[in-house]
Structures are given as structure tokens and as C-alpha cells.
Amino acid sequence: MASQSRRGGLSLPDRRGSSKQEPNILAKINNSQIVSKGKQAACDTVFVAKKLLKSTGKAAWIAGTTFLILAVPLIIEMDREQQFNELELQQQSLLGAPPVAPTPPK
């Protein structure tokens, strides 16, 4: 008798998540066509947003480096020219020459 397995008199109910039960309302909603189309639309939106951000970043990099290479040296040179013109006017006024109006840039 010791070799027989013991069995209790109580039987436990089946678990809630067992495959015998029909799917609950949440599972039905999750598997519906509308939800799957919504998920697909969200994934497509994220994909497009990532591509847009990536291309915008590349365009910003190109614009920034172009500005640094072309515009900054031009700005520096224009500033030097302005300082040189002001220095010439100051020297002329110290030497007693009549002040000459600066010529407008072309």
C-alpha cells in the first residue's frame, strides 16, 4: 500500500489561462483587424519619422559644414576690411586731413 500514490479527496478547479476556455474579450480585441491595422499604421509612422529625422540630420550637417567653410571666412574678411577702413579714417583725422565719407560697398 505504501507504493500506491496518494490522492486527496479535493479536486482543484482548472486554471484560468487553460486552453479549454474560449478567449476572453481582451484577446478578441487584440486580435481584431482594426487593432492590427492600427498597429501597422503606428509602425509605419515610426519608420517614416525615423527616416525623416535621419535625412534632416544629414541635411543639417551638410548645411552647417557648408556655412563653416564658405560663410565664416567671408564674415571674418568683411570684419577685417571694416576695421581697416575705420583705422584709415582715424589716422586721417589725426593727421589733419579732411574726413572723407567712406565709399559704400559694391
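Mentor: The protein chain has 2 helices and 0 strands; both kinds of element are DSSP runs, numbered from the N terminus, with helices being H or I of at least four residues and strands E of at least two. This is a predicted model, in which local features need pLDDT of at least 70, side-chain atom pairs count only at pLDDT 80 or more, and totals for chains, interfaces and linings use all residues. Residues are numbered from 1 along each chain as its sequence is written, and side-chain values use heavy atoms, with hydrogens and water left out.

Now to H2. Helix H2 covers residues 33–95. H2 holds 63 residues and reaches 89 Å from first C-alpha to last, close to the 93 Å expected at 1.5 Å a residue. That expected span is 1.5 Å times one less than the number of residues. H2 bends by about 35° at Leu68; the bend is the angle between axes fitted to the seven residues ending there and the seven starting there. After H2 comes Gly96, with a positive phi near 95°.

A UniProt annotation, from an unreviewed entry, marks residues 59–76 as "transmembrane region". Such annotations may be inferred rather than shown by experiment. The span is 100% helix and 0% strand, and its end C-alpha atoms lie 25 Å apart.

Next, the surface. Phe67, Leu68, Ile69, Leu70 and Ile75 make a nonpolar patch of about 560 Å². Patch residues have over 30% relative accessible area and no salt bridge, and nonpolar side chains (Val, Leu, Ile, Met, Phe, Trp, Tyr) are joined within 5 Å. Areas come from the Shrake-Rupley method with a 1.4 Å probe. Ile69 counts as exposed, at 63% relative accessibility. Exposed means over 50%, buried under 20%, and partly exposed in between. Buried residues make up 1% of the 106 residues in the chain.

Last, the charges. The whole structure has 1 salt bridge, defined as a side-chain nitrogen of Lys or Arg within 4 Å of a carboxyl oxygen of Asp or Glu. Glu77 forms a salt bridge with Arg80, with the closest N and O atoms 3.9 Å apart. The two are 3 residues apart in H2, so about one helical turn separates Glu77 and Arg80. Glu77 is partly exposed at 42%, whereas Arg80 is exposed at 53%.

Definitions and conventions
Buried means under 20% relative accessible area, exposed over 50%, partly exposed in between (1.4 Å probe, protein chains only). Patches are made of residues with over 30% relative accessible area and no salt bridge: like charges are joined within 9 Å, nonpolar side chains (Val, Leu, Ile, Met, Phe, Trp, Tyr) within 5 Å.
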